[in-house]
Amino acid sequence: MPVSKSEFDSLPPCDFYTPAELLEADQMYTVYEIARMLQGLEPDAEIEQETEAILLDWAIPWIMTNAAELVVAEPRSDDEPGYYGLKTGE
């Protein structure tokens, strides 16, 4: 059910990091690390599994929306996720 805007103390703009603001040019990140970083957490922050699932709901569309500015690397092994990084002129 919708909620009146007047019920909230603050309504900041819905701004997201750009890939260049979020990612280091020489690093590759998993979607899990990106999810944490989008929330201002360290990439290796310990979070509950339920929280991680919610953060992934934000990170996956962010990756898709910014795909033109990213590169992707296949997992190095079967038990590892893929990696994403900032597209550079290299």
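A residue is called buried when its relative accessible area is under 20%, exposed when that area is over 50%, and partly exposed in between, as judged with a 1.4 Å probe on protein chains only. The model is a predicted one, in which local features need pLDDT of at least 70 and side-chain atom pairs count only at pLDDT 80 or more, while totals for chains, interfaces and linings use all residues. Residues are numbered from 1 along each chain as its sequence is written, and side-chain values use heavy atoms, with hydrogens and water left out. Helices (H or I, at least four residues) and strands (E, at least two) are DSSP runs numbered from the N terminus.

**Helix H2 and Glu33**

- Helix H2 covers residues 31-38 and includes Glu33, which counts as partly exposed because its relative accessibility is 23%.
- Leaving aside neighbours within four places in sequence, Glu33 is in contact (heavy atoms within 4.5 Å) with Met28 and Pro43.
- H2 is mostly covered, since six of its eight residues are buried, namely Val31, Ile34, Ala35, Arg36, Met37 and Leu38.
- The cover over these buried residues includes helix H1 (19-22), strand E1 (28-29), helix H3 (49-65) and strand E3 (83-86).
- Just after H2, Gly40 takes a positive phi of about 85 degrees.

- H3 has 17 residues and reaches 24 Å from its first C-alpha to its last, close to the expected 24 Å, a span defined as 1.5 Å times one less than the number of residues.
- A kink of about 30 degrees is centred on Leu56 in H3, where the bend is the angle between axes fitted to the seven residues ending at a residue and the seven starting there.
- Not counting residues up to four places away in sequence, Ala59 touches Val31, Ile34, Ala35 and Leu38.

**The sheet**

- Three strands form an open sheet in the order E1-E3-E2 with antiparallel pairing, where two strands pair if DSSP finds at least two bridges between them.
- E1 and strand E2 (70-73) stand at the edges with a single partner strand each, so one side of each is left without a neighbour in the sheet.
- Two bridges join E1 to E3, and Tyr29 stands opposite Tyr84 in E3.
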